[in-house]
Number of protein chains: 2
Amino acid sequence: MSHLFQLAKTCPKTGARAGVLTTPHGPVLTPAFIPVASQGTVKTLTPDELRSLGVEIVLGNTYHLYLRPGVEIIKQQGGLHRFMSWDGPLVTDSGGFQVFSLAHMSQITEDGVLFRSHLDGSEHFLTPELAIEIQEEFGADIIMPLDDCPPYSEDFQAMRQAMEQTHRWAERCQRRHRRQEQALFGIVQGGTFAQLRRQSVEFITSLDFPGYALGGLSVGEPKRLTYDTIAETAPFLPVDKPRYLMGVGSPEDLMECVARGMDLFDSALPTRIARNGTLLANEGRCNIRNACFKNWDRAIDQNCDCYTCQTFSAAYLHHLFKCEELLAYRLATIHNVRFITRLMAGIRRSILEDNFPSFNDAFLAGYQRTDEEVRTGQKRKWLERQRKRQLWQV
Amino acid sequence: MSHLFQLAKTCPKTGARAGVLTTPHGPVLTPAFIPVASQGTVKTLTPDELRSLGVEIVLGNTYHLYLRPGVEIIKQQGGLHRFMSWDGPLVTDSGGFQVFSLAHMSQITEDGVLFRSHLDGSEHFLTPELAIEIQEEFGADIIMPLDDCPPYSEDFQAMRQAMEQTHRWAERCQRRHRRQEQALFGIVQGGTFAQLRRQSVEFITSLDFPGYALGGLSVGEPKRLTYDTIAETAPFLPVDKPRYLMGVGSPEDLMECVARGMDLFDSALPTRIARNGTLLANEGRCNIRNACFKNWDRAIDQNCDCYTCQTFSAAYLHHLFKCEELLAYRLATIHNVRFITRLMAGIRRSILEDNFPSFNDAFLAGYQRTDEEVRTGQKRKWLERQRKRQLWQV
């Protein structure tokens, strides 16, 4: 078996776990953050830089890559690893999440999802089988089944239906899956209802996947509910399999969700906010566009060992952002990715050294969380923009 | 004397020269191309990358840096070298060229140039003295006097007046120049009139600068006239001083102008066309957006040792450009800069080995020049756009 998860240590006071995930393209020390290479590139960075920043695993978006450059090109170029020149561990998602959030007019039927490309309006039909076939051509180390992932809702019946759809699709994906060197994970749904999550865990684990993901979180629900749902779900997942929380990537969330027993995390957040000038530090987020940085002689984060902080002053970064220089987005991305890989490495070390709770407490005490209202407001705006775009473009 | 130009070899058949320019921040092997870091960054690249691409010297634009972040910030950050973290040889221009081409409502008087910032419409008055003072605060190794640099014109009297203005300003710049570790070059003007160029060389060299630049070329004139003007001017410049041709940077122009005795060249062309998807190769320019690259398995330029060509297929680059991924602009810039530094190194080697003429012939025979009509059409459009912007925004 080429995929193997070895649990090295579990925190006796929290649910935090340290382990090693072995893939055909090398090991991943967990807990691990997975930067998003939506279109086959972690925006602004080269594979060399990713490695030098301590990144061990990246995620490609099947929705984007299926539409452009398309499966044929990637297949003929020797698969996604070779296409993007990343020879480390690689995950692809099923495409479902972007179909629901980005594509136009997505319509779910028992058979799959009908949608229109956000690029050219062309019609496509994504089935569980097709999601697997595409991902088998891409050849990532970890692949995901098509799931029904609705935005946050308190409608129990709707969430139950989505969960059940997810279960039926999971079976179809598993049946179609051929390339056994790729690990097909199972996805647990059920919204923020503990009862549904338990039910989903029971069903999905009964299918015996080599790893399990929690889907349908960080989709607009209050943060408290995210944490609670994980706390109520993770303990029922098998201890000897990796646990992957999809769509989470802020420092405070990574902390909270590691503490609740999750091992892998992917999110575009650290890289997306970087391009907006928002830099991560132990004290919280700061925006480099702020006038206070205009003449700031020191690095943004004096504790940071990244190229950006070791080489440039905050004043220079501020200048680059003011000028909309392309280098700005890259230097900020370097810093944020490094901040997260250092954070994950620190978390892992603290688990192995048996002091995760105090590491966790110290970090969260010093870190100013992003205001819940601001955060949900931003999320709402983002969802509205997606929705408007659909109405307007279709 | 910290600035020194040592001529190592002159081609016996052409005017090509190989030498070494020594600056307080290190040596520059000539002939050399100087990439443009307009706003304190060679767009998309870090200083580390520049060095690894074989770049020995870069140029900052005084106009841009004076407007943003401003002289005070750069001064307080310890000068331009430190601000942009480039510890190699550095040139700044006087700001004049951008005032004429980019700013709004530039009005020349004997005293200087009145203009409005293209950023916020604020009014500024650039004098020869101010151009020197700003550049002394920036602290580059080579600095340039304010000159009167009109676009291409066949109006002899107008060109004579601009030349004479340039001469009077050159004297004022020299008089104001204090920091002797910075080499203030002289600029020769005179349009495409051989008579004026001779006159300008005579006057400017009489002031005894440590290096000489040809200004007012590559400003819309037919290419034949650029070459002829250089051929008629360079032989009258002192052999023991570096000769800098401003605004030239296409491979064929670099070849032609080295052959006519020039040593240093700066231009935004290689980096600007890179961001438009135009890549340089021994065969000529190619556009990576072209459909023929969609499934091209090999590197764009298989003879190239740059990171881009060594790491990625043309198909991947094509994909990145189609997706407007930020990494696209960077990878293309890496290639074009490396193409030019390799070209210059090859030129230099051939001069030292006494076979520049055959190197030159072989290169130009294999290289498809950019169509003159296309080129002047593009230049005209660019100038019109600049002009329209002025009319519209003021």
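The model is predicted. Chain A is assigned two domains, domain 1 (4-272) and domain 2 (275-366). In chain B, an open sheet of three strands has a helix packed on it. T41(B) sits in a loop of chain B and touches residues of chain A as well as M84(B).

**Two domains in chain A**

- The centres of domain 1 and domain 2 of chain A lie 26 Å apart, taken over C-alpha atoms.
- The two domains touch: 29 residues of domain 1 of chain A are in contact with 25 residues of domain 2 of chain A.
- On the domain 1 side, three strands of chain A each give two or more residues: strand 1 (4-10), strand 2 (17-23) and strand 4 (32-37).
- Helix 10 (251-259) and helix 11 (269-275) of chain A also give two or more residues each to that side.
- Helix 10 of chain A provides the largest share, six residues.
- By residue type, the domain 1 side divides into 18 nonpolar, four polar and seven charged residues.

**A sheet in chain B**

- Strands of a sheet pair through backbone hydrogen bonds, either parallel or antiparallel.
- Here the strand order is 1-2-3 in chain B, and the pairing is antiparallel.
- Strand 1 (4-10) and strand 3 (26-30) of chain B are the edge strands, and each pairs on one side only.
- Neighbouring strands of the sheet are turned against each other by 15° on average, direction ignored.
- Strand 2 (residues 17-23) and strand 3 of chain B are joined by five bridges.
- T23(B) has G26(B), in strand 3 of chain B, as its bridge partner.
- Helix 14 (residues 326-352) of chain B packs on this sheet and touches strand 1, strand 2 and strand 3 of chain B.
- The direction of helix 14 makes about 115° with that of strand 2 of chain B.

**T41(B) and its surroundings**

- Where is T41(B) placed in chain B? T41(B) belongs to the loop between strand 4 (32-37) and helix 1 (47-52) of chain B.
- Is T41(B) buried or exposed? T41(B) is buried, because 26 C-beta neighbours lie inside 10 Å and the cut-off for buried is 20 or more.
- Leaving aside neighbours within four places in sequence, T41(B) is in contact with L320(A), E325(A) and L327(A), and also with M84(B).
- V58(B) is 17 residues from T41(B) in sequence, and their C-alpha atoms are 9.2 Å apart in space.

Technical notes
Residues are numbered from 1 along each chain as its sequence is written. Chains are lettered from A and ligands numbered from 1 in the order in which they are written. This is a predicted model: local features need pLDDT of at least 70, side-chain atom pairs count only at pLDDT 80 or more; totals for chains, interfaces and linings use all residues. Domain bounds come from an automatic or database domain assignment. Two residues are in contact if their C-beta atoms, placed from the backbone, lie within 7 Å. Helices (H or I, at least four residues) and strands (E, at least two) are DSSP runs, numbered from the N terminus. Ala, Val, Leu, Ile, Met, Phe, Trp, Tyr, Cys and Pro count as nonpolar, Asp, Glu, Lys and Arg as charged, and the others, Gly among them, as polar. Two strands pair if DSSP finds at least two bridges between them. Axes are lines fitted to C-alpha atoms, for helices over the stretch in contact, and angles run from 0 to 180 degrees between N-to-C directions. A residue is buried if 20 or more other C-beta atoms lie within 10 Å of its own, exposed if 12 or fewer, and partly exposed in between; C-beta atoms are placed from the backbone.
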